[in-house]
Amino acid sequence: MNLPGLIAALALSASTADAQKFEGLAMTPPMGWNSWNTFEINIDEELVLGVAKVMKESGMLDAGYNYIVLDDGWMTRERDANGDLVPDPEKFPSGMKHLADTLHQMGFKFGLYNCAGGKTCAGFPGSKGHEYQDARLYARLGIDYLKYDWCDTGTRDAQEAYTTMRDAIYAAGRPMIFSMCEWGTAKPWLWAKDTGHLWRTTGDIIDCYDCETRWSRGWKKIADFQATNEELYKAAGPGHWNDPDMMEVGNPGLTLEDNRAMFSLWCMMAAPLIAGNDVRNMKPEVLEILINKEAIAIDQDPLGKQGWRFYGDPRLEIWVRELSGGDWAVCVMNPSDEARECSVTWEHVGGLLPKKAQIRDIWQKKDLGTTDKLPTVTRKLAPHDVMMFRLNAIK
Ligand code: GAL
């Protein structure tokens, strides 16, 4: 091999080696907590440590919520003389590295936010033109997850911007989950499989069922209203997930039924389970939803196939998801604003479901027998409520 050939081969094997460090990082959808939905830019060290303590003591960490991610607002308004980002010393008096070390000692991973534009959405310094420098800083700080937003990007090409940041993370050498947040504008599900581990599919979520503002939508609209997360199910898989945004479970605009239904649909859609509530002040019934191990097992199923809405009308929805080992998850929802009798007949679900299966009720936490003995389940469901089942195939 001549010299240029050898150099090219070495460069290729170096970049393959870099890339391999990041494989296997998100083989199931990431889980954790993010500060934005509840606290926006009002974040500080005390809040993060308080959240981490509760997540550890309440069982959330054990249930899988291991990434704590600081969203916009963690840095000062200007870079320092070297051009580095500066964690806000008033908000984080012990320093970001110290916070990262503390979280790591507690068993968590730690994430930060930035943006592909000149400025973040809240007006802090963005990474445009500083990608490699910022990635090196994150590596020095011990960061394990980067959420990367899309404000102030002008005419920048999304594929170029996210690939540049991905390569900068690779070059910095510390494995990080790369969470792409360009709101689905450049259809990342078509090209980002090897760029990010998850990509937002929509604009921002807010804590209501189906309300809508210019920029934000309630959780049910984010889930399945016109070309949103549900329709993209074929694009998701181990290492690359559709992200219908952080959860609103436990936030003021959701009823108990909404909380249960949102969590169920996020599990059916193999969505990243990133809590966005003030876990320090959460009601026991909210915690119970968030740490339902059998619902989480559906979200985290190793087959990594996103579920979809098999049937939908304004009074009844049936969602299905194929799981490993021939099992299936089925979620029946009352999307209307009145209590309604809702039912599912297994054999009507398009011949998809196993011929014979044990029926496990995920929210009632009980076995209902086998599908041949109980071919239909009918229940009165409160507005927006769900029943969710795991059908364990009998071979
Ligand atoms: C939005 C993003 C939100 C949050 C916010 C921070 O663009 O979608 O999830 O990160 O910016 O300013």
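A residue is called buried when its relative accessible area is under 20%, exposed when the value is over 50%, and partly exposed in between (1.4 Å probe, protein chains only).

## Basis of the model

This is a predicted model, in which local features need pLDDT of at least 70 and side-chain atom pairs count only at pLDDT 80 or more, while totals for chains, interfaces and linings use all residues. Residues are numbered from 1 along each chain as its sequence is written, and side-chain values use heavy atoms, with hydrogens and water left out.

## Two residues with positive phi

Most residues other than glycine have a negative phi. Glu-40 is not a glycine, yet its phi is positive, at about 45°. Glu-40 lies in the loop between helix 2 and helix 3; helices (H or I, at least four residues) and strands (E, at least two) are DSSP runs, numbered from the N terminus. With a relative accessible area of 43%, Glu-40 is partly exposed.

Asp-152 also has a positive phi, of about 55°, although it is not a glycine. The loop that holds Asp-152 runs between strand 4 (145-149) and helix 7 (158-172). Its relative accessibility of 47% makes Asp-152 partly exposed.

## Helix 3

Helix 3 comprises 13 residues, 45-57, and reaches 18 Å from its first C-alpha to its last, close to the 18 Å expected at 1.5 Å a residue. The expected span is 1.5 Å times one less than the number of residues. The buried residues of helix 3 are Glu-45, Leu-47, Val-48, Val-51, Ala-52 and Met-55. They lie on the same side of helix 3 because they cover an arc of only 165° around the axis, taken from the directions from the helix axis to the C-beta atoms. The face turned away from this buried side carries the exposed residues Glu-46 and Glu-57.

The buried residues of helix 3 pack against strand 1 (31-34), helix 2 (36-39), helix 4 (60-63), strand 2 (67-69) and helix 5 (96-106), where contact means heavy atoms within 4.5 Å. At the N-terminal end, Asp-44 caps helix 3, with a side-chain oxygen 3.2 Å from the backbone nitrogen of Glu-46. Such a polar contact is a pair of N or O atoms within 3.5 Å; within protein, one must be able to donate a hydrogen and the other to accept it, and residues adjacent in sequence count only if both atoms are side-chain atoms. After helix 3 comes Gly-59, whose phi is positive, near 100°.

## The loop between strands 5 and 6

Thr-195 is found in the loop between strand 5 (177-180) and strand 6 (198-200). Thr-195 is buried, at 8% relative accessible area. Residues up to four places away in sequence aside, Thr-195 touches Tyr-162, Thr-163, Arg-166, Phe-178 and Met-180.

His-197 is placed in the loop between strand 5 and strand 6 and counts as buried at 9% relative accessibility. The side chain of His-197 reaches the backbone nitrogen of Phe-178 at 2.9 Å. Beyond its neighbours within four places in sequence, the contacts of His-197 include Phe-22, Leu-25, Met-176 and Trp-241.

## The ligand site

Of the 13 residues around the ligand, Asp-71, Asp-72, Lys-147, Asp-149 and Asp-204 come nearest; a residue is near a molecule if one of its heavy atoms lies within 4 Å of it. Polar side-chain atoms lie 2.8 Å from a ligand oxygen atom in the case of Asp-149 and 2.4 Å from a ligand oxygen atom in the case of Asp-204. The protein covers 97% of the 310 Å² of accessible area that the ligand has on its own, as given by the Shrake-Rupley method with a 1.4 Å probe.
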